[in-house]
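Hi,

Have a look when you get a minute.

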Amino acid sequence: VKARNFSGKSFLLNMGITRDTKHKRRHTGGRRNIHIKKKKYEAGRVPAGTRIGTKRIHAVRARGGNIKQRALRLDAGTFSWASESCSRKVRVLDVNYNASNNELVRTKTLVKNAIVSVDATAFRQWYEQHYGVAIGKKKKGEETIDKGKSSKRVTKKIEARKATRTLEQGLADQFNGGRLLACISSRPGQSGRCDGYILEGKELEFYQKKMKK
């Protein structure tokens with residue numbers, strides 16, 4: 001912003017981003033006269049606007065000498081499959097939904113609580129190895145995998161797992177497409193990470209309905 005001093009010369013005026021409340025009215029509705037200058041501890045920063053792309057992180061010095069990891073580009077993160085107690089590092093493929101702003105979906109911005117599509121390969125491989133059952137696009141339905149020679153103890157253990165396993169239809173359909181819907185639970189602009197969890201059950205149904213609208 002350009003301003004002029006009394007000599008008529010223009011100079012650059014840095015407005016900055018502040019998070020103060022001095023400009024707000026009183027609870028009674030009355031105006032407040034500002035008699036205090038802006039303080040360093042009230043300063044704000046430009047949003048990170050983390051996008052999908054090759055990993056790029058900047059270190060930002062914060063108050064007290066602490067360091068924030070400002071992710072500008074991220075393409076992968078650690079996501080957990082809660083019902084199976086399984087976590088894997090997977091690729092983030094797309095941003096599908098954001099409750100706060102559709103513009104963040106259009107620009108593919110990664111923020112906390114954004115609904116994203118992640119690559120299902122790592123979870124599919126774990127499921128097939130853990131239960132000995134093939135799921136996904138390459139085979140119609142679910143088929144038992146023949147692993148060749150394995151000890152009786154291992155075979156018995158896998159059979160016991162099969163007896164109690166359940167895979168909800170919503171997840172099975174997604175495995176067929178090779179993508180899983182997940183929710184980001186970390187703050188990419190603060191921690192430099194894009195971690196989250198796979199959507200399941202009622203939460204999955206809720207977001208699928210939202211995305212159809």
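The residues lining the second largest pocket split into 7 nonpolar, 5 polar and 5 charged. Of those 17 lining residues, Pro 47, Ala 48, Arg 70, Gly 189 and Gln 190 sit closest to the pocket centre. Helix H5 (188–191) and strand E5 (67–74) each put at least two residues into that lining, and the largest share, 3 residues, is from H5. The volume comes out at about 300 Å³. Keep in mind that this is a predicted model.

The largest pocket has a volume of about 400 Å³. Its lining divides into 6 charged, 4 nonpolar and 2 polar residues; among them are Arg 19, Lys 40, Arg 45, Arg 61, Arg 63 and Lys 68, along with Ile 17 and Tyr 41.

Now for the sheet. Five strands form a closed barrel in the order E6-E7-E8-E11-E12, and the pairing is mixed. On average, neighbouring strands are turned by 50° against each other, direction ignored. E6 (residues 76–81) pairs antiparallel with E7 (residues 86–97) over 6 bridges, and Thr 78 has Lys 89 of E7 opposite it.

Two helices go with these strands. H4 (residues 169–177) lies across E6, E11 (179–184) and E12 (196–198), at about 115° to E11. H6 (residues 201–212) also packs on the sheet, where it touches E7, E8 (115–119), E11 and E12. The direction of H6 makes about 20° with that of E7.

Cheers

Methods:
Residues are numbered from 1 along each chain as its sequence is written. This is a predicted model: local features need pLDDT of at least 70, side-chain atom pairs count only at pLDDT 80 or more; totals for chains, interfaces and linings use all residues. Side-chain values use heavy atoms; hydrogens and water are left out. Two strands pair if DSSP finds at least two bridges between them. Helices (H or I, at least four residues) and strands (E, at least two) are DSSP runs, numbered from the N terminus. Axes are lines fitted to C-alpha atoms, for helices over the stretch in contact, and angles run from 0 to 180 degrees between N-to-C directions. Contact means heavy atoms within 4.5 Å. On a 1 Å grid over the protein atoms alone, a cavity is a set of points where a 1.4 Å probe fits but cannot get out, and a pocket is an open set with protein on both sides within 12 Å along at least five of seven lines; lining residues have an atom within 4 Å of a point. Grid points are joined across faces, edges and corners, and a volume is the space filled by probe spheres set on the points. Ala, Val, Leu, Ile, Met, Phe, Trp, Tyr, Cys and Pro count as nonpolar, Asp, Glu, Lys and Arg as charged, and the others, Gly among them, as polar.
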